[in-house]
Amino acid sequence: MHAARRLAKEFGNDPGKIMLKVDFSNAFNMVDRTEMIAQVYDNFRSLYRWVEYCYSHPAHLFFGSITLQSMTGVQQGDPLGPLLFSLVLHPLALRIVDEFPHLDLGVWYLDDGTIIGDVEDVFKVFQLIESEGPARGLVLNVKKNEVWWPTRASADPFPAEVDRVENAGVKLLEAPIGSREFTTEFVKKELKALDEVCKALREVNDAQVEFGLFRGCLSYNKINHLLRTCPPELLQDALERFDEHFQNMVAQILRVPCLSESQWEQASLPVKFAGLGVNQTKVIAGSAYVGSCALTSAI
């Protein structure tokens, strides 16, 4: 995400560039098991017998009185599932790197691929995945593939079914990349969804349980990913909205009309400093983003 944002900033004025978001149809359930077992044998020999035992024969799926044979994909809940899927995708990802060395970015997070480069090169990558992927059980869901760029030209070589995302911005792995206006609208939707969840919290009618759920599940940790992947200068308005929301939630849980500024400052301190441990986003946004950038700087 940091790499894509940086490239969009550096080359955003070049309509000859484009970003492709790759999406496979039902990826984990369709990946080819024969290829998967072969890749385990070649790369993780110590796991081979276990994976062969688990996946060399179809599993039985029961639907009422009907028994179905599960013959493709990794099993849901298998801790090895992400690794096994990635092993099948890996040779294709390496081939993309070898055949298109001038791409600006070609990275994958499991079945989510992000390809950035010249329009012609990125389109050829799309064609390569479309032609070579099905043999591995990797079938493009063309309608859910997306192309985007800040100055994307109106015409491109991609199929008509591919989604053309508005130039203002794009969502990449649940993070907004684009203009300040796009980021603001994106965050508004996140805040609205968070507010809907918090409304249900009021029905618990137990302040101790409400606060435990709020601090553990519905406060800073709900937007941690956003703060770590989006520059604070794009989030100024959003940070104020989030902090106001958190302040109001604490007041409701404490059964008081509102919190004064001094009370809110006290509540936002860590527990060891006699606070409630509800972070203010405007205080930690900068360090969260810088920390994330630092951790990924060597990638």
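**Entry: starting at an arginine**

I began with arginine 255, which is partly exposed because its relative accessibility is 44%; the cut-offs are under 20% relative accessible area for buried, over 50% for exposed, and partly exposed in between, with a 1.4 Å probe and protein chains only. I kept in mind that this is a predicted model, where local features need pLDDT of at least 70, side-chain atom pairs count only at pLDDT 80 or more, and totals for chains, interfaces and linings use all residues. Residues are numbered from 1 along each chain as its sequence is written, and side-chain values use heavy atoms, with hydrogens and water left out.

Which residue does arginine 255 meet in a salt bridge? I found glutamate 210, at 3.0 Å from N to O; a salt bridge here is a side-chain nitrogen of Lys or Arg within 4 Å of a carboxyl oxygen of Asp or Glu. The pair links distant parts of the chain, 45 residues apart: arginine 255 is in the loop between helix H10 (236-253) and helix H11 (261-267), while glutamate 210 is in helix H8. Glutamate 210 has a relative accessible area of 4%, so I noted it as buried.

**Entry: other salt bridges**

I searched the whole structure and got 12 salt bridges. One of them joins arginine 136 to glutamate 35, with the closest N and O atoms 2.8 Å apart. Arginine 136 counts as buried, at 19% relative accessibility.

I then looked at glutamate 99 and arginine 95, whose closest N and O atoms are 2.6 Å apart in a salt bridge. Both lie in helix H5 (residues 81-99), 4 residues apart, about one turn of the helix. Glutamate 99 is partly exposed at 42%, and arginine 95 is partly exposed at 32%. I also noted a salt-bridge network that links Lys17, Asp104 and Asp118.

**Entry: aromatic rings**

My search of the whole structure gave 10 aromatic pairs. Phenylalanine 123 and phenylalanine 126 are stacked because their ring centres are 6.4 Å apart and their planes are at 15°; rings of Phe, Tyr and Trp (its six-membered ring) pair if their centres lie within 6.5 Å, and planes under 30 degrees apart count as stacked, over 60 as edge-to-face and the rest as tilted. These two phenylalanines both lie in helix H6 (residues 119-132), 3 residues apart.

Phenylalanine 123 also pairs edge-to-face with phenylalanine 158, at 5.4 Å centre to centre and 85° between the planes. Here phenylalanine 158 comes from the loop between strand S6 (146-148) and strand S7 (163-164), 35 residues from phenylalanine 123. Buried or exposed? I have phenylalanine 158 as buried at 5%, phenylalanine 126 as buried at 1% and phenylalanine 123 as buried at 17%. Phe123, Phe126 and Phe158 make one aromatic cluster.

I checked charges over rings too (NZ of Lys or CZ of Arg within 6 Å of the ring centre and within 35 degrees of the ring normal). Lysine 17 lies over the face of phenylalanine 11, 5.0 Å from the ring centre. The charged end of arginine 45 sits over the ring of tyrosine 41, 3.9 Å from its centre.

**Entry: cysteines**

How many disulfides does a search of the whole structure find? I got 0, with a disulfide taken as a pair of cysteine sulfur atoms within 2.5 Å. For cysteine 230, the nearest cysteine sulfur is that of cysteine 293, 11 Å away. Cysteine 230 is buried, with a relative accessible area of 0%.

**Entry: positive phi**

Leucine 110 has phi near 55°, and its place is the loop between strand S4 (105-109) and strand S5 (112-118). Asparagine 205 has phi near 60° and lies in the loop between helix H7 (180-201) and helix H8 (207-217). Asparagine 205 is exposed, at 63%.
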